[in-house]
Amino acid sequence: MYQDVLKRDLFTSDHDMFRDQVRRFIETEIEPYHEAWDEDGVVSREVWEKAGQSGLLCPTVPEEYGGPGADYLYSAVVVEELGRAGASGPGFAVHSEMAAAYIMNFGSEEQKQEWLPKLVSAEAITGIAMTEPGAGSDLRKMSTSAKKTNRGYVINGQKVFISNGQLGDVFIVAAKTKKGTSTDSMSLFIIEADRDGFAKGKNLKKMGVPAQDTSELFFDNVEIPHENMLGEEEGQGFYQLMKGLARERLTIAVACLAKAEGVFQNTVEYASERELFNKTLVDFQNTQFKLAEVRTDLIVGRSLVDRLLTDFMNGELNADVAAAAKLWVTEMQGRTVDTCLQMFGGWGYMWEYPVARAYAEARIERIAGGSSEIMKSIICKSMFKEMGIKADFS
């Protein structure tokens, strides 16, 4: 198991006990089945239910809504341990740290009472439906519409690249409530997958993360009641999404750093055993220097992420700093897995080796949750504003 080189004072003994519990769960309920899930293109419903029973889902949901009522560091523990183990199939983070957070932060009391207990127990699995074939980074080009009627709203449109898309029972869906590209043109809705006119497309085949079900979603005159809108009035969707993105990007940084640490540990073990020219791979200075470079990156990344975890816990995490962390950690993860794969030689290119899967799976991190280019734009916009510099960011 990877040993942190830096002392992590932000975690208590209770967090450490929970971490041991999560590790045992991964070892017994995830790792033995993950290869089969890769072949199937989806994890089992059973592992979701067991995760709910073990307290791995929605740790921060308050007890009054059926949750553990724990702090965000418990969520970070789950994300880290899944990342270090290379357990990319279960979409727990999207469910717990992203979709559920929208209901917790913006839902009505009735919506919270209805859905949060089900998300905690995995009676219902959820995801976020924002991206469309013609609208990814620029959500202003979204075409999915929500037309208001006397009975509620009628939803029409299409979403793509939706995590938990096959298993999902309910989705947080972004749709236009008025024409145009203004910031008040979009709203968020809770839409159940069993409604008439809602259809799931095929399970998309991806370059990596094969066990994570990723789908298209189609809405053909899907009728929902007024009560399914998140928020008290229309047009709050962009605000709601922006408010949640700092936490989401911190979660991505936490996960990606742990994934890089896991690959590094696996590589060091391999290099210490691999024989070459009557030596082991770690006897060569090039290997030593490459491992030192990666180790340094991991130390820097751990310092950054733990500082931002502390800021988040204190209510002081800035959106632009979270964007910087997402940018740096995901780019570092890409460098790490590339360096590590090279040390495995031809074996590193074989899918049976974890480093090959990690290499393929790392590529999406610089795109999902906001591409590296979008992160740079966010950082520059904040920096220029602080310095009083005017620039065109349209």
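In the predicted model, lysine 178 is partly exposed, its relative accessible area being 40%. The partner of this residue is aspartate 184, with which lysine 178 forms a salt bridge whose closest N and O atoms lie 3.1 Å apart. Aspartate 184 is likewise partly exposed, at a relative accessible area of 36%.

In total, the structure holds 25 salt bridges. Within helix α6 (residues 109-121), lysine 118 and glutamate 114 are four residues apart and therefore separated by about one helical turn. Their side chains meet in a salt bridge with an N to O distance of 2.8 Å. Lysine 118 has a relative accessible area of 21% and is partly exposed; glutamate 114, at 38% relative accessibility, also counts as partly exposed.

A further salt bridge joins arginine 366 to glutamate 331, with 4.0 Å between the closest N and O atoms. This pair links distant parts of the chain, 35 residues apart: arginine 366 belongs to the loop between α10 (354-362) and α11 (372-387), whereas glutamate 331 lies in helix α9 (residues 319-344). Arginine 366 is partly exposed at 22% relative accessible area, and glutamate 331 is partly exposed at 26%. Salt bridges also link several residues into a network, among them Arg8, Arg19, Glu80, Glu261 and Asp306.

Serine 88 occupies the loop between α4 (72-84) and α5 (92-106). With a relative accessible area of 15%, serine 88 is buried. Its side chain makes a polar contact of 3.0 Å with that of glutamate 361. Beyond residues up to four places away in sequence, serine 88 touches His34, Val209, Gln212 and Glu361.

Notes
Residues numbered from 1 in each chain as written. Predicted model: local features only at pLDDT ≥ 70, side-chain atom pairs only at ≥ 80, totals over all residues. Heavy atoms only, no water. Helix = DSSP H or I, 4+ residues; strand = E, 2+ residues; numbered from the N terminus. Buried < 20%, exposed > 50% of the residue type's maximum accessible area, 1.4 Å probe, protein only. Polar contact = N/O pair within 3.5 Å; in protein donor to acceptor, adjacent residues only side chain to side chain. Contact = heavy atoms within 4.5 Å.
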